[in-house]
Amino acid sequence: MKYMGENNLELFFQFLNFNGHQMNPCSKNEIAKIMQLSKEKNLPQNYVKFMEQAGNGIDFFKGSSYTLDEISKLKSWAIALLKENDSNENIDDNNFVFLMHQGYQFYFFNLNEGDNPPVYFYLEGDNLEMFIKKYESFSGFLIEYYNETY
């Protein structure tokens with residue numbers, strides 16, 4: 001069942017719960033560990049809310065790396081993928097890679113673009129001159145990704 005509500009994380013989480021989607025949250029200690037990865041910059045509020053609800057697993061991200069046990073590796077994996085593909089793009093301290101799918105694509109946001117930042121995307125083999133802004137907001141990313149899956 002697709003989510004047809006407004007672009008609001010609280011309502012989206014209620015929808016997921018009501019429709020029986022298993023969400024495994026991160027604890028406060030786990031959230032603190034994730035915060036350390038942002039190099040003293042604040043993580044976006046909506047990303048933190050998502051991790052509090054489903055940071056240790058949710059069904060529509062099967063095949064993707066985003067959980068606490070992998071999050072610390074995502075940035076280095078993304079950098080390696082860019083290097084393997086001779087990309088002119090690079091990932092810096094302002095970029096936070098939050099999801100990689102099966103090793104050939106990744107998603108990130110910039111830490112200076114607010115609490116619901118746009119989401120950027122890289123796909124191996126696209127040979128683009130720059131990263132693609134794929135979603136206007138992190139909450140929009142979650143909702144659209146879910147809707148593409150169901």
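These legends walk through several close-up views of one predicted model.

Local features here rest on residues with pLDDT of at least 70, side-chain atom pairs count only at pLDDT 80 or more, and totals for chains, interfaces and linings use all residues. Residues are numbered from 1 along each chain as its sequence is written, and side-chain values use heavy atoms, with hydrogens and water left out.

**View 1. Helix H1 beside helix H5.**
Let's start with two helices, H1 (residues 9–18) and H5 (residues 138–149). Helices (H or I, at least four residues) and strands (E, at least two) are DSSP runs, numbered from the N terminus. The axes of H1 and H5 come within 10 Å and cross at roughly 25 degrees, which means that H1 is roughly parallel to H5. Axes are lines fitted to C-alpha atoms, for helices over the stretch in contact, and angles run from 0 to 180 degrees between N-to-C directions. Angles under 35 degrees count as roughly parallel, over 145 as roughly antiparallel, 65 to 115 as roughly perpendicular and the rest as oblique. The crossing of H1 with H5 is left-handed (the near helix is turned anticlockwise from the far one by less than a right angle; clockwise would be right-handed). On the H1 side look for Leu 9, Phe 12, Phe 15 and Leu 16, which meet Ser 139, Leu 142, Ile 143 and Tyr 146 of H5; contact means heavy atoms within 4.5 Å. Seven of these contact residues are nonpolar, one is polar and none is charged. Here Ala, Val, Leu, Ile, Met, Phe, Trp, Tyr, Cys and Pro count as nonpolar, Asp, Glu, Lys and Arg as charged, and the others, Gly among them, as polar.

**View 2. Helix H3 meets H5.**
The axes of H3 and H5 come within 8 Å and cross at roughly 45 degrees, so H3 is oblique to H5. Asn 46, Tyr 47 and Phe 50 in H3 touch Phe 138, Ser 139 and Leu 142 in H5. This contact has four nonpolar, two polar and no charged residues.

**View 3. H1 alongside H3.**
These axes come within 11 Å and cross at roughly 20 degrees, and H1 and H3 are therefore roughly parallel to each other. H1 passes H3 in a right-handed crossing. From H1 come Leu 9, Glu 10 and Phe 13, and from H3 come Asn 46, Lys 49, Phe 50 and Gln 53.

Two cavities of 30 Å³ or more are counted. A cavity is a set of points, on a 1 Å grid over the protein atoms alone, where a 1.4 Å probe fits but cannot get out; a pocket is an open set with protein on both sides within 12 Å along at least five of seven lines, and lining residues have an atom within 4 Å of a point. The second largest cavity holds about 40 Å³. Its lining includes Tyr 47, Phe 61, Phe 98 and Phe 141, and by class it has 10 nonpolar, no polar and no charged residues.

**View 4. The largest pocket.**
About 180 Å³ of space lies here, a volume being the space filled by probe spheres set on grid points joined across faces, edges and corners. Of its 13 lining residues, Leu 37, Ile 71, Ser 72, Lys 75 and Phe 96 are the closest to the centre. Helix H4 (68–84) and strand S2 (95–101) each give two or more residues to the lining, and H4 gives the largest share, four.
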